[in-house]
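Hi,

Here is the structure I promised to pass on.

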Amino acid sequence: VALKIEDAAQCGRYSARIVDEVKIASSSPLMRFRLESCGIRAINNVVDATNYVMLETGQPLHAFDLARLAAKQIVVRIARENRRFTTLDGVERELSHEDLVICDGDTPVALAGVMGGMNSEVGGTTRSILIESANFAPAAIRRTAKRLVLHSEASHRFERGVDPEGTLRALDRAVHLIQE
């Protein structure tokens with residue numbers, strides 16, 4: 001997967017790993033209990049691992065279904081066009097030229113630091129994933145979250161700033177949990 005950061009001021013660091021031969025299932029009862037005790041809904045073993053690592057390290061992560069990334073090119077950029085984009089919560093949203101987006105080639109697949117998109121969601125048929133661990137400018141994330149009235153666990157952390165050196169450590173931990 002190729003990676004291109006078009007605006008380094010808005011995305012100072014972007015790390016990613018591919019994990020193949022993933023089996024999507026429910027997380028262990030202990031993992032589900034710990035997440036739900038912290039107010040995070042358990043979804044599946046991959047998404048739960050990324051959320052668990054976020055709670056452990058403070059570093060938000062996001063997993064994409066690799067098969068659904070047709071261009072196999074991650075581009076981090078400001079949205080250039082006013083177009084519609086459906087986020088993981090099922091809501092169709094209008095992108096603005098102020099929004100930082102993660103794209104698969106030219107197609108947005110996530111609102112950077114806020115929420116992923118339905119078009120790259122990890123689900124029951126997922127076999128390979130791309131896990132992202134990045135560092136985004138707090139003001140950019142705050143602008144998008146506020147404009148869309150879309151606040152997430154990830155956006156709260158990015159808005160307050162995360163350690164740019166923590167991306168690889170969090171990524172390694174998430175991959176370890178998923179492999180377990």
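Start at Asp104, which sits opposite Thr107 in S8. The two strands involved there are S7 (residues 100-104) and S8 (residues 107-111), and they pair antiparallel over 4 bridges. Bear in mind that this is a predicted model.

Zooming out, S7 and S8 belong to an open sheet of 5 strands with mixed pairing, and the order runs S1-S4-S7-S8-S9.

As you know, most residues other than glycine have a negative phi. Lys72 isn't a glycine, yet its phi is positive, at about 55°. You'll find Lys72 in the loop between strand S3 (61-65) and strand S4 (73-78), and S4 is one of the strands in the sheet above. How exposed is Lys72? Its relative accessible area is 34%, so Lys72 counts as partly exposed, given that this class lies between the 20% and 50% cut-offs.

Val149 is the other one: again not a glycine, and again with a positive phi, near 50°. With a relative accessible area of 66%, Val149 is exposed, because the cut-off for that is over 50%.

That's what I have for now.

Cheers

Conventions:
Residues are numbered from 1 along each chain as its sequence is written. This is a predicted model: local features need pLDDT of at least 70, side-chain atom pairs count only at pLDDT 80 or more; totals for chains, interfaces and linings use all residues. Side-chain values use heavy atoms; hydrogens and water are left out. Two strands pair if DSSP finds at least two bridges between them. Buried means under 20% relative accessible area, exposed over 50%, partly exposed in between (1.4 Å probe, protein chains only).
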